[in-house]
Amino acid sequence: MSIADANEQVVRIGYYENDNFQSGAAGCLVKTGYSYEYMQRLRLYTNWKYEYVYGSYGDLYAKLLSGEIDILTGLAYKKDREGKILYPEQAMGNTTYVFLKRMQDLTINSNPQSIVGKKIGVIPGAMADITRNYLAKNQVDAEMVFFSDVKQRDRALIDGRVDVTIVEGNETGAMAGITVIAEAGLADYFVCVSKQRPDLLANLNQAQKEMFWENPKLKEMLANTWYRRSEISTALADWEQEWAANHKNFVIGYTRKFLPYSAADESGNLTGVLKELAPEIFHELKLDDIQITYKGYDTAEEMLAALRNRDVDVIFPVYSEFWSAEQQDFATSDPVISSYYNLVYRGDYPNMETAVLALNRANLSILSFQGVHYPHTQVLYFPSVEECLDAVAEGRADATLISGQRTDYLLRSKNRYRDLLTAQLPQSATLGFAALRTASDTLRILNHGIALLSPDFTLVHSYPYEEKHKTTFQEFLTDNLWLLFLAGVVIFILIINDWQKKKKYLQLKESKQRELEAKIGEISMLNHDLQQKQTMLERAAEEQEAQIREISFLNEHLQNQQTELEEAKEAAEAANNAKTAFLFNMSHDIRTPLNAIIGFTDLEDRVLGNKERYLDYHNKVKIASRQLLKILNNVLEMARIENKKIILEEDVIDARGFIETCTAMFEGELFAKNITLQTNIEIIHPYLYIDYTHLSEILMNLLSNAIKYTADGGQIEASFRELPGETADTCIMESTIADNGIGMSQEYIHQIFEVFSRERNTSQSGIQGTGLGMSIVKQLVELMKGTITVDSQIGKGTKIIIRLPHRIGEEPETQVALSSKGNKDFDFTDKRILLAEDNDLNAEISIELLSATGVTIERACDGVECIDMLSKAPAGYYDLILMDIQMPNMDGYEATRNIRSMEDPAKAGIPIFAMTANAFREDRENAAIVGMDGHIAKPIDIPTLFATIKSVLKP
């Protein structure tokens, strides 16, 4: 006996039969189950040697109380047991209890009130306690009928002696026609110790503590191993039965070239493990009457489109990973197989951060796998896995990803692949089904069936569908060089033998040598003929070489054309990227004035009784609206410029007023976050040449970021000072925006101007943003030949300084004139205007604005009505027509042509002004071409409108 054996402590453990929990309750039987494996693992942390005592649960519990056994597993906690047995500090597991009923009993459902007055079969102990708690919680009056063992209880339910039974969710034992109606509760169960053995309890507590420390997921692992869903759980819940009734036909989309999982055979029919997997899932659920239809697709895009268009119910196979599924806006089932991918490469193992991957665009699972594990790796897409391997073999790509079950077949399919190397990737590739997020019931049904499958069902059934390599004759010779050697030896022996025979033959022919000499003359003549033919062949060879040179020239020409096509493709992609960036910039630019409009509108509602503040907020809404209009006009102009060309348009502007306008737009946001904005303006020359739209875009981006990343109650300082320029007629405007917000790390400052870049702490704090703003600022500052510097510390704040050169201007005369005039000169009393406007809201605004001048306004709803009203009115009745362009029945251009062609010269010559939202230069030119006298752009600028009308309706 060893020292270890001498130190072992014999522990008497009660062992009762309970499928999956512990089986083999006899000395000659093999023992398995959750409890058995748990106790064997526990033994590694103790010096216990088990002595099994067999019996029923009730008998063994009595022996535990009397001290005839030391340990009994699977006991739930009960208050009245505390003084009778010893409980450890931690449970060995837990179980969910559920209620079962006969499927044909339609009086009972998931509503607790449906079991009022019914008989419930229970086993004394934890089941009885959980049943009492459930009845009390739901205020249900039902009769509990007690049974001594599980078989008696189950038989009573089948025979109808009880209406409902409570069972452990992990119990097995198939009962046809039985279904789950509700969850009763959850209970822990323990390894309990006899009260007479407190020494074992101390050992048990310490052993469980160490075991769970080393393997925190032990209970979950054991539960997944031993507690597969039983035959009882194949019974469908009410909602599952309803789903089955509505899905007699089920359509599955699959990838056509992805064996062993799915493919299309020569007849176009499905082959692969999917052919067996899908029917088996429904068979496990007893839904064999569902008709399954399969649709194959060549590319991942086609298969996803079919899913989104609801041409199929689910698709297969997909990478069963939640993040990837969320990015593609679908949901995945539980995995049906856990596979792996091989990295196939040439030469040294590639650096995945800088490598170029060749991927099969038809394989959705591999595309999703790459997007999750190698999102920053550059990818080249090919229509098939063979073309991916060709790209790696030819050096156009560094590596490709291939399913582990296909690697051997593919690498042996061509000799050129034999130099390629493989490495299994560490990440597992779990595959499953995918459905639209709105089809959650479908995925739940599939998950139910998948849970009932054998864990290795898909793997085992995939082997027959693995592609088998057929050895070619060349491969056979390469792999069997010894056969070539043997054949060579045999041939050599045959040659020697033949030579010996020929030697004898030549000896016999020596006598005929003289006859041959007589024919030498004839042979010489033949040789002369051959020389002439050789000369002809040489000439033919020269002609062929000339043709080859011509073909080489044509080939070089084709290669040049290919290069030009590739350059054109790159130019097109660059243009497309420019358009994409343009759309992002547009969204970012309009957000700030739009927020100001919304914010000040809300503030107006709060100060209705304070006229001064109301007018102030109202004026700021106007300012923000004009700023939004400027941005939109500029955006529309930029949309027509290719390759991101931006034209700077500088006008003489009041610099101080410009700055105050920009800061005023943020008063609503500052007020909402109780942030103090301190503005300091030190300007020597009040009027500067400024690109109003783009400079305001820069300042609003910086102020918006400062507010966004500054906590409530924080402070922001905006300083603007004029510095000397390089010449006397220029200056440098230095703008400093400083806040005491969350700040940035020094590492991130170097990335701040990259597109879509955001500091990690900003995204974790829930602050929203696209990461485009600072990239936009950087581009505009550089375009204006300025500089930008950033200084920031985490937790202390950020300071951004921009220096831009400006030409010094003088106060515009038009501005002086406008500031000294009001609207008092616009009096159009006794004048009549015909307004052609189809939009009721626009018509109401125009009529209300013009009514203030005393003019009489009559409205036509389209071009036809406008012509009709003018025709019926006497000459001179209308003084002016304001004509919208886009109207039903007849647009403004056509109406103007008809008016100009009228026979009455007074009516044909009436002044007509276009008043439309079509505000581009070509719109103004089109208005002039059809005979209009002017063009007024919407939104309407009131002074411009009145001045234009006054130029025509002179008193």
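This is a predicted model: local features need pLDDT of at least 70, side-chain atom pairs count only at pLDDT 80 or more; totals for chains, interfaces and linings use all residues.
**Entry 1**

I began with strand S12, where alanine 263 is the bridge partner of lysine 257. I took helices (H or I, at least four residues) and strands (E, at least two) as DSSP runs, numbered from the N terminus. Residues are numbered from 1 along each chain as its sequence is written, and side-chain values use heavy atoms, with hydrogens and water left out.

I counted two strands as paired if DSSP finds at least two bridges between them. S11 and strand S12 (residues 262-264) are antiparallel, with 2 bridges. They belong to an open sheet of 3 strands in the order S11-S12-S13, with antiparallel pairing. Strand S11 (257-258) and strand S13 (270-271) are the edges; each has a single partner strand, so one side of each lacks a neighbour in the sheet.

For burial I used relative accessible area: buried is under 20%, exposed over 50%, and partly exposed in between (1.4 Å probe, protein chains only).

Of the 5 residues of strand S8 (residues 164-168), 4 are buried, so the strand is largely enclosed by the rest of the structure. I found S5 paired with S8 in the antiparallel sense over 5 bridges, with tyrosine 97 as the bridge partner of glutamate 168 in S8. Strand S6 (residues 119-122) runs parallel to S8 and is joined to it by 2 bridges; here isoleucine 120 stands opposite valine 164.

In strand S20 (residues 399-403), 5 of the 5 residues are buried, so this strand too is largely enclosed by the rest of the structure. I checked both faces of S20 and found them covered: Ala399, Leu401 and Ser403 are buried on one side, Thr400 and Ile402 on the other. Strand S17 (residues 337-345) pairs with S20 in the antiparallel sense through 5 bridges, and leucine 343 stands opposite leucine 401. Strand S18 (residues 356-360) and S20 run parallel, joined by 2 bridges; alanine 358 stands opposite threonine 400.

**Entry 1. Aromatic rings**

Which count did a search of the whole structure give for aromatic pairs? The search found 24 aromatic pairs. Rings of Phe, Tyr and Trp (its six-membered ring) pair if their centres lie within 6.5 Å; planes under 30 degrees apart count as stacked, over 60 as edge-to-face and the rest as tilted.

I examined phenylalanine 21 and tyrosine 189: their ring centres are 5.7 Å apart and their planes at 80°, so the pair is edge-to-face. The pair links distant parts of the chain, 168 residues apart, with phenylalanine 21 in the loop between strand S1 (9-15) and helix H2 (34-42) and tyrosine 189 in strand S9 (residues 178-194). Phenylalanine 21 is buried at 7% relative accessibility, and tyrosine 189 is buried at 5%.

Tyrosine 87 and phenylalanine 190 are also an edge-to-face pair, 5.4 Å centre to centre with 85° between the planes. Tyrosine 87 lies in the loop between strand S4 (85-86) and strand S5 (93-102) and phenylalanine 190 in strand S9, so the pair ties together parts 103 residues apart in sequence. Tyrosine 87 and phenylalanine 190 are both buried.

I noted one aromatic cluster formed by Tyr16, Phe21, Tyr34, Tyr38, Tyr57, Tyr189 and Phe212.

**Entry 2. Charges over rings**

A charge sits over a ring if NZ of Lys or CZ of Arg is within 6 Å of the ring centre and within 35 degrees of the ring normal. The charged end of arginine 444 sits over the ring of tryptophan 239, 4.0 Å from its centre. Lysine 31 lies over the face of tyrosine 52, 5.0 Å from the ring centre.

I compared helix lengths with the expected span, 1.5 Å times one less than the number of residues. Helix H6 (residues 198-214) has 17 residues and reaches 25 Å from first C-alpha to last, close to the expected 24 Å. Its buried residues include Leu200, Leu204, Met211 and Phe212. With contact meaning heavy atoms within 4.5 Å, the buried residues of H6 pack against S1, H2, strand S2 (48-54), S4, S9 and helix H7 (218-226).

The 13 residues of helix H15 (residues 440-452) should span 18 Å, and the end C-alpha atoms are 19 Å apart, which agrees. Among the buried residues of H15 are Leu443, Leu446, His448 and Ile450. The packing partners of its buried residues include helix H8 (238-245), helix H9 (274-284) and strand S21 (421-436).
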